Amino acid sequence: MSQNLGTSPDEVQFRFRDDEPVDHGTVTVDSALEQTNAAAVRIEPGDDARALLPFLDRLALIEVNFPGFGDGRGYSAARILREAGYAGELRAVGDVLIDQLSHMRRCGFDSFAPDKRLDEEDAARAFATWENVYQRAADARRTIPEKRHEA
Amino acid sequence: MKILTGNDLRTGAVTWWDGSSWSLHVNDAVDVGEDAEEILAREVAARRVNVPYAIAATRTIDGVRPAHIKDRIRALGPTVRPDLTLKPQDPQAIDWVI
Amino acid sequence: MYRYDSYDQAMVDARVAEFRDQARRRLEGKLTEDQFKPLRLMNGLYLQLHAYMLRVAIPYGTLDARQMEMLADIADKYDRGYGHFTTRQNIQYNWIKLEDCADALADLATVEMHAIQTSGNCIRNISSDHFAGAAADEVVDPRPYAELMRQWSSFHPEFTYLPRKFKIAVIASEKDRAAMRLHDIGVRIVKNDAGEVGAQFYAGGGMGRTPMIAPLIRDFVPIDQFITYAEACLRVYNRYGRRDNKYKARIKILVHELGAGEYIRQVEEEFAHLLSVGVEPPTAELERIKAHFELPEPLRLPGQGAGTPLPSGGAAESGAPGQARGGAFDQWVKRNTHPHRHPEYVSAVISLKPAGGIPGDATSDQMRVVARLAREYSFDELRVMHTQNLLLPHVAITDLPAVYAALDEAGLGAANMDTIEDIIACPGLDYCSLANARSIPLAQRISERFAQTGRTSQVGELKLKISGCINACGHHHAGHIGILGVDKKGVENYQLSLGGSEAEDVALAKITGPGFDEDGVIAAVEKVTDVYLASRTAGERFLDTYRRIGMEPFKEALYG
Ligand code: SF4
């Protein structure tokens, strides 16, 4: 028996995708490994995101939970999934705050369902904080070192 | 006695609850008895103080004396820079701390 | 020296704007203190005992005169006319107001400075050898590699909420002047047999409550994979470092609990993966950065000079004709200068340890004097040393008398580098909200005592380090003599330890026994030096004698 958890599309405050959101709940990583039909899964901070790699094709939504904003394991989980080619929705849920948005975006999150709705104006500013970036991440942005040495 | 102390949110200055507001001087501190939690919650919400807490202190003839050396140093200022303390003219002030 | 281009400048400016906005939201009540705290910390803003404290980054300890002058201006404009230089080559201001902080950061940004990641659970300011670029014994200048890391680690999206803070040091010589193996990651830039430059990595060192010396985790990382390897080290730590207990969250605990072998295995796996992903900056970037660190023209001596030690007595005798010389000057030259790769130059240490003074503190006026001297005599370059002193890296030997005269006049002429007066002391209970006991008054009393009795030069090299609590910002574990302040039922108490070293002969100090009160620990330091003086053989430093005779004779003198 797996228990449905996760956020519903209504709880998603920011979404940077054009496809239809998955409208059913997510299952835990453990259940996803057993249940071959689950299309949505939720990663907790202690879960190994790499356990999902064999099943990425069938997943349309991966939620990464941030029970507390100070626990940064979810950033690595997100990048690992993107580095493995995961192209479905990657949703940051839980204690997601204004000042984490730009970093989360860079790590590959493309939707955000914060526990507490965020101020739209503050969030818009936060997403736009970095006009340029120093290091490679899960987004396709050209980095400052790359721009410096463009032909 | 039980007194409340914290730092001013804007300036960071050490402050003491004097019954109606936050004073820079420990001698203005009042005994809050059972009301500590309530006052702290209200004052934090009003953003008049940052990370305040309750401490034990005694009232002596010289004024209010926090029980722990850390709060006495907070009440006066750095012992190694008497010129930057609240009592720059008083060479004996440091002795009160220790 | 590295200079910002428009990208670097825009990043720092964006950060100022971001912080200004965060401070506004805090003051408007949109952010709670719990939410704001990590944000202000990532901009170096602490709440200390008396006020907010701002820690400004001085990347790998290098700065120029204009920057030092700005530090002085900030001390006057937003603080109380002084600053405190720290063991991680930063500067701290003790009296900054939250409402002024963004303005101070904006001023800093005008001279290519910032407070980014000087605190918080992120990759901190990268430290390096204070003699970098000048030392006769370095393989290459380590700073370009540190700068490459600075950029990579700035606003790193994945590593901003690590289990705990993360400190990196980069050196490039056998001698370790940056406590490299006491960092979360220590890097030594090396050359292999084929003459190629690469990086040796150590991981899992640190001080704090569980001090550990970092084991070697890779002997040679090709330089075009340098950042990728660092990223692998960090990712393994971010994923598996402990988050259940703040005191076990540093990477040293992970490396220790996994065992170095297992940590290495995981890093190698991640490294292989990341190599396939491609996260390394283009190699041209390192070349671009290196060009910034080319020595000024007169100092370039390809092939010759490098490695030549200072001719003994040479510096003292070679002042410009007609300039006053004397015992004090000779002493200073002997004690406070270090061989330069160019035989006609030295690096000159500016002691921030006047006997009886506050270690690491400098007034705004002193900062301006130092800035002027850098401009006139050191190719506009200055360094902050991890010993809480300043340094003029490139001084012509013939200029030493003039430099010394100006320093002496500004109260900066103490000739005590690496002596018992050159005490490292953290701010302790006079400023720090985490402290158990005061550190500074001890340093003041000990340095005064040794200066008065004239024992300082008799004792010679002796590194005394004092921390006001177990966090060990004063590096007490690495002191030849270490002192740790503890709280004994509300009263300050001090633990003495012996035999530590942060240098290439790295070692952790051992506690002598029961602690002392303030007077007691000062007397104990004297007794310990008595034992040393009575037992040493020719040429032995305190540390050497301790290593030879062991703890017993010292214990006997202290408690017998
Ligand atoms: S060692 Fe402790 S007392 Fe000293 S500065 Fe660090 S945290 Fe503060």
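What follows is a short chat about the chain interfaces and the ligand shell of a predicted model.

Reader: What are the ground rules here?
Author: This is a predicted model, in which local features need pLDDT of at least 70 and side-chain atom pairs count only at pLDDT 80 or more, while totals for chains, interfaces and linings use all residues. Residues are numbered from 1 along each chain as its sequence is written, chains are lettered from A and ligands numbered from 1 in the order in which they are written, and side-chain values use heavy atoms, leaving out hydrogens and water.

Reader: Which chains share the most contacts?
Author: Chains A and C do, out of two pairs in contact; contact means heavy atoms within 4.5 Å. Chains A and B do not touch, and their nearest C-alpha atoms are 18 Å apart.

Reader: How many residues of C and A are in contact, and how much area do they bury?
Author: The contact involves 46 residues of chain C and 37 residues of chain A. Together they bury about 3600 Å², 54% of it on carbon and sulfur atoms. Buried area is the accessible area (1.4 Å probe) that two parts lose on being put together, summed over both. On the chain C side, C:Pro157, C:Tyr161 and C:Arg239 lose the most area to chain A, together 21% of what that side buries.

Reader: How many salt bridges between C and A?
Author: The rule finds 14, a salt bridge being a side-chain nitrogen of Lys or Arg within 4 Å of a carboxyl oxygen of Asp or Glu. One of them joins C:Asp21 to A:Arg125, with the closest N and O atoms 2.8 Å apart.

Reader: Which helix of C gives the most to that side?
Author: Helix 1 of chain C, with 10 residues. Helices (H or I, at least four residues) are DSSP runs, numbered from the N terminus, as are strands (E, at least two).

Reader: And C with B, how much is buried there?
Author: About 2300 Å², 58% of it on carbon and sulfur atoms. In chain C, C:Leu27, C:Leu49 and C:His50 lose the most area to chain B, together 22% of what that side buries. The count of salt bridges between chains C and B is one, and B:Arg10 and C:Glu99 meet in a salt bridge at 3.5 Å, N to O.

Reader: Switching to the ligand, what surrounds it?
Author: Residues of chain C, including C:Cys426, C:Cys432, C:Cys469 and C:Cys473, where near means a heavy atom within 4 Å.

Reader: How does that shell divide by class?
Author: Into eight nonpolar, four polar and no charged residues. Ala, Val, Leu, Ile, Met, Phe, Trp, Tyr, Cys and Pro count as nonpolar, Asp, Glu, Lys and Arg as charged, and the others, Gly among them, as polar.
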